[in-house]
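Hi,

Here is the structure I promised to hand over. Have a look at it first, and my notes follow below.

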Amino acid sequence: MNTALVTAIGSFSADIVIKNLKKNGIRVIGCDIYPGEWIADSSNVDSFYQVPYATEGKTYADKILEICIQEKVEFILVLTDVEADVLNGFRREFQQSGVILCLPSEETLSICRDKRTFFHFLTSEGTGTPIPTLDLKEADPEALTYPVVVKPYNGRSSQGLSYIRSKNELKAFLEQEGLDDFIVQPFYKGSIITVDVVRKSGTGETAVVCRKELLRTPNGAGTSVKVFSDSHLEEMCEKIASSLGINGCVNFEFIEGEDGTHHMLECNPRFSGGVEFSCMAGYDFVTNHLRCFTGEALDKRGPIREMYIARKYEEYITKIEEEKGRDQ
């Protein structure tokens with residue numbers, strides 16, 4: 001039986017990733033920065049490990065490698081951006097231990113995880129409609145059209161994002177320290193469109209499922225969505241995935257403007273938090289992601305029926321403490 005390690009199993013995508021791996025007869029090891037009793041899915045994996053924060057770099061990577069060796073892990077499925085960033089720097093160590101990091105290539109990650117590079121890449125390729133992106137320190141407050149969006153070039157889940165409504169606000173913002181890693185983009189009013197994309201780089205096989213996010217958490221995770229089909233957007237996503245050399249499952253985010261234009265925000269080189277929506281709509285992105293690294297052919301995507309899907313939260317008892325002080 002194959003064994004896979006799934007990171008950050010407290011994240012939104014973990015549940016469907018674990019379930020679909022198990023449907024394929026795969027033994028699943030889970031890890032998270034929090035203890036198992038804090039994580040509902042810790043009871044759904046075959047073994048669980050608490051690990052250091054990924055921001056601890058080598059300490060985190062060494063612990064993941066130690067688990068892989070101990071549990072005879074063959075594949076790692078990474079669920080958060082920061083973990084992808086760190087593990088990307090230790091590819092050789094995992095490869096030497098016979099472990100496959102199920103991530104896009106190092107080159108692809110370097111493009112996707114830097115919003116400045118991403119904008120310039122798509123512009124040079126003439127692919128998609130990327131949102132204009134400038135280094136904040138190079139922007140002229142007098143030349144910008146407000147409002148604008150300011151955020152870290154490699155940010156995730158809306159962390160560090162600010163809306164600036166005037167040049168005076170921007171000038172005040174620029175007085176802060178630690179802004180070297182920030183970018184500025186125009187603000188577009190519209191709906192957030194998330195597109196799950198899986199592509200096998202060796203053959204070019206690609207499957208795409210689109211959804212409009214109707215309700216979202218403050219960190220940008222959809223909780224109520226409309227799954228739909230749009231041949232023009234799907235074709236655009238296939239071209240972008242090909243240009244980037246994507247291998248595996250990623251997600252693209254767009255703002256659909258009032259004129260119907262899809263302005264591309266970013267490519268997240270991992271499962272989206274709402275990948276279960278796409279699986280429910282009829283395409284198993286988890287299984288097909290793994291196939292990109294095993295050499296198997298991808299399933300062809302059938303017709304997508306438009307549907308609304310809403311997410312709810314459930315409560316699970318993860319541990320019951322023994323009562324203390326009772327006479328035995």
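Which residues line the largest cavity? They are K115, F118, F119, P130, I131, T133, Q185, M264 and L265. Before going on, please note that this is a predicted model, in which local features need pLDDT of at least 70 and side-chain atom pairs count only at pLDDT 80 or more, while totals for chains, interfaces and linings use all residues. Residues are numbered from 1 along each chain as its sequence is written, and side-chain values use heavy atoms, with hydrogens and water left out.

Back to that cavity (a set of points on a 1 Å grid over the protein atoms alone where a 1.4 Å probe fits but cannot get out; lining residues have an atom within 4 Å of a point). It holds about 40 Å³ of space, and the structure has 2 cavities of 30 Å³ or more. Helix α6 (115–125) and strand β14 (262–268) each supply at least two lining residues, with the largest share, 3 residues, coming from α6. Helices (H or I, at least four residues) and strands (E, at least two) are DSSP runs, numbered from the N terminus.

Now to helix α1 (residues 14–23), where A14, I16, V17, I18, N20 and L21 are buried. Buried means under 20% relative accessible area, exposed over 50%, and partly exposed in between (1.4 Å probe, protein chains only). The cover over these α1 residues includes β1 (3–6), β2 (27–32), β4 (75–77), α9 (275–280) and α10 (285–294), where contact means heavy atoms within 4.5 Å. Just after α1, G25 takes a positive phi of about 75 degrees.

Next, the charged pairs. There are 22 salt bridges, each a side-chain nitrogen of Lys or Arg within 4 Å of a carboxyl oxygen of Asp or Glu. Among them:

- D114 pairs with R116 at 2.9 Å, N to O; D114 counts as buried because its relative accessibility is 12%.
- K226 pairs with E306, their closest N and O atoms being 3.6 Å apart. K226 lies in strand β12 (residues 222–228) and E306 in the loop between α10 and β15 (307–310), so this pair ties together parts that are 80 residues apart in sequence.
- R291 pairs with D299, with the closest N and O atoms 2.8 Å apart. R291 is buried, at 18% relative accessible area, whereas D299 is partly exposed, at 38%.

Salt bridges that share partners also join D196, R211, E213, R216 and E253 into one network.

Technical notes. 1 Å grid on protein atoms, 1.4 Å probe; cavity = no way out; pocket = protein on both sides within 12 Å on 5 of 7 lines; lining within 4 Å. Points joined across faces, edges and corners; volume = space filled by probe spheres on them.
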